[in-house]
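Let's take a friendly walk through a protein model together. Have a look at the sequence and the 3D view, and then read on.

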Amino acid sequence: MKKFILIDTHAVIHRAYHALPPLNTPVGEPINAVYGFTSILLRILRELKPDFIAAAFDLPGPTFRHIAYERYKAQRPETPSDLSSQFIKVKEVLQAFSIPVLEKEGYEADDIIGTVAKKLEPKKDLEVIVVTGDMDTLQLVRPGLKVYAMKKGMTDTVIYDEKAVEERYGFGPEFLI
C-alpha cells in the first residue's frame with residue numbers, strides 16, 4: 001500500500017516553537033521552530049516512508065471565515081515576531097526536500113487538508129496520513145485516513161485510526177466537529 005503524507009505545516013511549526021527553548025543561528029536569527037519542524041519531518045520520512053508528501057500552509061490575511069464572522073480567531077494572540085520570521089525558512093526546508101507546498105489565499109491549511117483528504121477518498125492501494133498538532137483533524141479519520149498527532153511536545157506521538165479515536169473519546173470520528 002502506498003502512503004500519502006499531508007503535513008499541517010503551521011500546526012507543526014507552532015508545536016515545535018512552543019516545545020523547544022529559543023535557539024538562534026550564529027548571526028542571531030531565531031531558528032527553534034525550523035529546527036523542530038525539520039526534526040519532525042526527518043522522523044516522518046524515516047518512520048512512515050511516504051510515497052507521496054505535501055505540506056499545507058496558511059497564508060497571511062483573512063480567510064472566508066473572517067469574512068463570514070469578523071471576530072473569527074479574534075481572541076487568538078498575535079504571532080510572536082521571532083516565530084513569524086521562521087515560516088519562510090520552513091518553506092526553504094520544504095523546497096530543499098522537493099516537498100510541494102499547498103496554499104490558497106482565503107483558506108487555512110486545515111481547509112486544504114480536508115479538501116485533499118476528500119479528493120483522496122479511500123482507495124485500496126493508498127493510505128493518507130495527516131501530520132499535525134491540531135486535534136481538530138481527527139474528524140477526518142476514516143478507513144484509509146489516519147492522523148499522526150503530537151500529543152505532548154514533539155516526541156510523544158500517536159497515530160489515530162478509527163479505533164484510537166474511539167478509545168480516546170468514547171465515540172468515533174464521525175461525531176467530532
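A residue counts as buried when its relative accessible area is under 20%, as exposed when it is over 50%, and as partly exposed in between (1.4 Å probe, protein chains only). The model is predicted, so to speak of local features a pLDDT of at least 70 is needed, side-chain atom pairs count only at pLDDT 80 or more, and totals for chains, interfaces and linings use all residues. Residues are numbered from 1 along each chain as its sequence is written, and side-chain values use heavy atoms, with hydrogens and water left out.

Let's begin with charged pairs. Side chains of opposite charge can pair when their charged atoms come close. The name salt bridge is used here for a side-chain nitrogen of Lys or Arg within 4 Å of a carboxyl oxygen of Asp or Glu.

(Helices, H or I with at least four residues, and strands, E with at least two, are DSSP runs numbered from the N terminus.) Arg 43 is buried at 13% relative accessibility, whereas Glu 47 is partly exposed at 44%.

Another salt bridge links Lys 146 to Glu 127, at 2.8 Å from N to O. Lys 146 belongs to strand β5 (residues 145-152) and Glu 127 to strand β4 (residues 126-132), so this pair ties together parts that are 19 residues apart in sequence. Is Glu 127 buried or exposed? With 11% relative accessibility, Glu 127 is buried, while Lys 146 is partly exposed at 27%.

Now turn to two helices. The axes of α1 (residues 9-19) and α4 come within 11 Å and cross at roughly 125 degrees; axes are lines fitted to C-alpha atoms, for helices over the stretch in contact, and angles run from 0 to 180 degrees between N-to-C directions. That makes α1 oblique to α4, since angles under 35 degrees count as roughly parallel, over 145 as roughly antiparallel, 65 to 115 as roughly perpendicular and the rest as oblique. Where do they touch, taking contact as heavy atoms within 4.5 Å? Residues of α1 including Ile 13 and Tyr 17 meet residues of α4, among them Phe 87 and Leu 94.

Key:
Contact means heavy atoms within 4.5 Å.
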